Amino acid sequence: MDLGINVFEVFIYLVGFIAFAAANAAYLVWVERKGAAHIQRRTGPKEVGPYGLLQPLADGAKLMSKQFIIPEGVDRPLFLLAPIMTMVPAIMIFVTIPFSETILARDFNIGLLMILAFASVNVLALLMGGWASRNKYAVISAARVVSQNIAYEIPMLIIAITIVLITGSMNLTEIVAGQAGGILHWNLLPTNGNFLGPITFIIFFICSMAETNRAPFDLGEAESELIAGFHTEYSSMGFGLFFMGEYANIVIAAALTTILFLGGWYSPLPETIPYAGASSVAWFLVKMYLLIWMVVLIRWTYPRVTLWSLLNLSWKILIPFSLFNLLASAGLVKFLG
Amino acid sequence: MAGYFTNILGGAKSLVVGLSITQRQFFKKPITLQYPWESLEMTPRYRGHIQLIKNAESGTHQCISCGMCEKSCPSDCITIKGEKQEGVKGKVLVKYELDFTKCSLCGQCIANCKPGAIEFSREYNLASTRKEDFHYDLLKRLKEQK
Amino acid sequence: MSSQPLSQNQEYFELNLGPQHPATHGVLRVKLLMDGEYIVDAEPVLGYIHRMHELMGENRSWAQYLPNMGRLDYLSALSYNLGYVELVEKMAGIEVPERAEYIRVITTEMNRISSHLLWFGAFVLDLGGFTPLLYAFDDREQILDLLESVTGSRLTYCYYLFGGCYNDVEDDFLSGCLAFIKRMRTRLPMYHNLVTKNVILRQRLEGVGPVSAEMCRKYGATGPVLRGSGIHYDLRKNEPYSIYPELDFDVPVYPEGDSMARFMVRMDEMEQSMRIIEQAIAKIPEGPVMAEKVPKMIKPAAGDYYHAVEAARGTFAIRAVSDGKNQAYRMKLRSPTFSNLSLFQEASRGMLLADGLAFMGSLDLVIPEIDR
């Protein structure tokens, strides 16, 4: 009996996460295209369906109908494995993320560690994709991506450690629970013990954009220099998987930032106010999508950074600030008791 | 040391200013034209292919078949034939063909036309799959014109 | 310049910035020898769009050659028209009425602004910022509409004739230009806030591709490239033609010589062009726009004639050798971008690939003009 209910629940969550990841990947493309269009004073997709809402379905059908070309001389196992290795960890991470008190696949005590571990597999997948395609542009871009991702994982991990220090546990539900009670208790502000408050939020946000290879840190797929970077040689669903993996990673990064800094599913208003003060999955989604909108806006505003500025930013600015924050927060936590 | 922090602050400020500009533009109306559901009216001086001007009084063209347009065209687009007919002073235009695939819209033909018999038309959405569709017979076009 | 000994080195690999590439504006092939991300040697290979304009000059009469001038550098076609028309007027001794001169200057400067706007958009697009391109095209669209109402074309203009202009302009056009200038003066600060002051762009451009004044002289670079290296040389001031001596404007010069200096020169040139247009509109006289006696066949005396104008990209010069006939014996066109691009081989040694592309963008290349 017990086994039966568990299998059913597992199945529901499995289908739900894959559907959520796929729907997000598809409709974030729509959001990005419409957002980019209105920023640029044009209209974006409007023919396929009302306001272009069926455009992602048309794009998906088009991608699936193309021929998956495997060039001659590529390293076949790596070439075929790379897109899969981008997409699978992205979906696996959804297991650990709590969307509200009740919507949670598994309550891991090391949830945060699992997310960060799975996210690093993405680097390996991009390196494999770039190396296995027998293409000079792809190799250059793969090398850039590896150095970029290594440099930006470090401040991200240091800040994650700071949050763990403040909360005392790696359990994501407990991290969110520590931020209950309105906006003043969020990890965004120094009240909980996060010394540099909003600055760590910004650093974490920048690192998550760099980890997902999102403009202005998109050296890996710099369109105007290297054609398409590490996915130059991929067509049809190979490209589709890289594409979906990128958007799934963006959703995960936004969800993680919401959990760590913005109080997860708690409302910013105190709990006494009816309706607006109640915590629910709606607040989680609102915060997550606001962060995603910021990512889209930033992509369409700034030019691309150079390799040296990228590495300088990480090693000379983000890491010192986050290390300082770690020490200062430790002191503040001690002081706050 | 002081430069380190001022650099970071200055950089951050420029980034925020940029974001505010694009965010503001997001809320403005699009400036694009939804062609082909909406289309523009061409200005009077727009240069489409040439056509014979229909004189309001005589009801026909004013070409005297001097051939200056044919001679002055850099791309040999124009072919003219004029005949001497009885009872009519000067030559009568019999054939006026324009090969628009070679025309560069320079206007030399119109500039060199003494009686001012040709002008630029305002046709712009011409598309076809055959070259022959752009070999215009301007006399026929004049007769079909209102 | 053979790179034989370098390419034997096993450490280097050859990368083709091929004729089809999103960032080379036109069909330009650059053979790069790379050491990882660094450029060791760069060799531009030209000729993919050679259309034999100079040979056409020998087979067409002086008047029939006019449309070719618009096709050379299609982005600032009116400057090229102006150079050729003034050359022939010099040869044949034709006097141009004053109103025509003013119209020519106004339309040429509007064209210069539209060329710089397109350069601005495309340059930032190469660097990865997708949005300023569309804002620049919004402004450029207004210029193109204004010029279309006067000349009839949007890109490859053929508006000037020997002795004046094809047709007169209405007051609508002049007031439209003034309205455009007023709007543009509110847009330029936006471009500066969004792009020029942006820390990412500044890091991308400052110190990239330093070109000394000595190197510019050696390769014959002109235009904003030269003025970005500190040399104050603008044909509109140094060898004035048309009515430029009567107009009051500055020539922006920046001494640093890096890509940022060239960027700033062009942005400031847009503002100066707007000043020129305003003064010209205030001073434009009434009168005819064509000279009365223009010979039907132009048969200049045999000899060598030369005329140079300041196009948007540099010094455009024509040398026509005439032997008394209605056609040129030899028509030599000096393309400014050809000399500007020749800087690339020496300046790109040791640069990152991304910086190499930023450098090429700051040179403002239009390949059909190089290949003629």
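**Exercise 1. Describe the second largest cavity of this predicted model by volume, central residues and lining class.**

Step 1. About 120 Å³ is the volume of the second largest cavity. A cavity is a set of points, on a 1 Å grid over the protein atoms alone, where a 1.4 Å probe fits but cannot get out, and lining residues have an atom within 4 Å of a point. A volume is the space filled by probe spheres set on the points, with grid points joined across faces, edges and corners.

Step 2. The lining has 15 residues, and B:Cys73, B:Cys77, B:Cys103, B:Cys106 and B:Cys109 are the closest to the centre.

Step 3. Eleven of the lining residues are nonpolar, four are polar and none is charged. Here Ala, Val, Leu, Ile, Met, Phe, Trp, Tyr, Cys and Pro count as nonpolar, Asp, Glu, Lys and Arg as charged, and the others, Gly among them, as polar.

The model is predicted, so local features need pLDDT of at least 70 and side-chain atom pairs count only at pLDDT 80 or more, while totals for chains, interfaces and linings use all residues. Residues are numbered from 1 along each chain as its sequence is written, chains are lettered from A and ligands numbered from 1 in the order in which they are written, and side-chain values use heavy atoms, with hydrogens and water left out.

**Exercise 2. Which elements of chain A supply at least two residues each to the lining of the largest cavity?**

Step 1. The largest cavity has a volume of about 170 Å³, and the structure holds eight cavities of 30 Å³ or more.

Step 2. Among its 14 lining residues, A:Ala119, A:Met156, A:Thr212, A:Asn249 and A:Ala253 lie nearest the centre.

Step 3. The elements are H4, H7 and H9 of chain A. Helices (H or I, at least four residues) are DSSP runs numbered from the N terminus.

**Exercise 3. Which helix gives the most to the lining of the largest pocket?**

Step 1. A pocket is an open set of points with protein on both sides within 12 Å along at least five of seven lines. The largest pocket has a volume of about 1400 Å³.

Step 2. Its lining of 42 residues has A:Ile206, A:Leu313, B:Ile8, B:Ala12 and B:Leu15 nearest the centre.

Step 3. H1(B) gives the most, with 14 residues.

Step 4. By class, the lining of this pocket has 29 nonpolar, eight polar and five charged residues.
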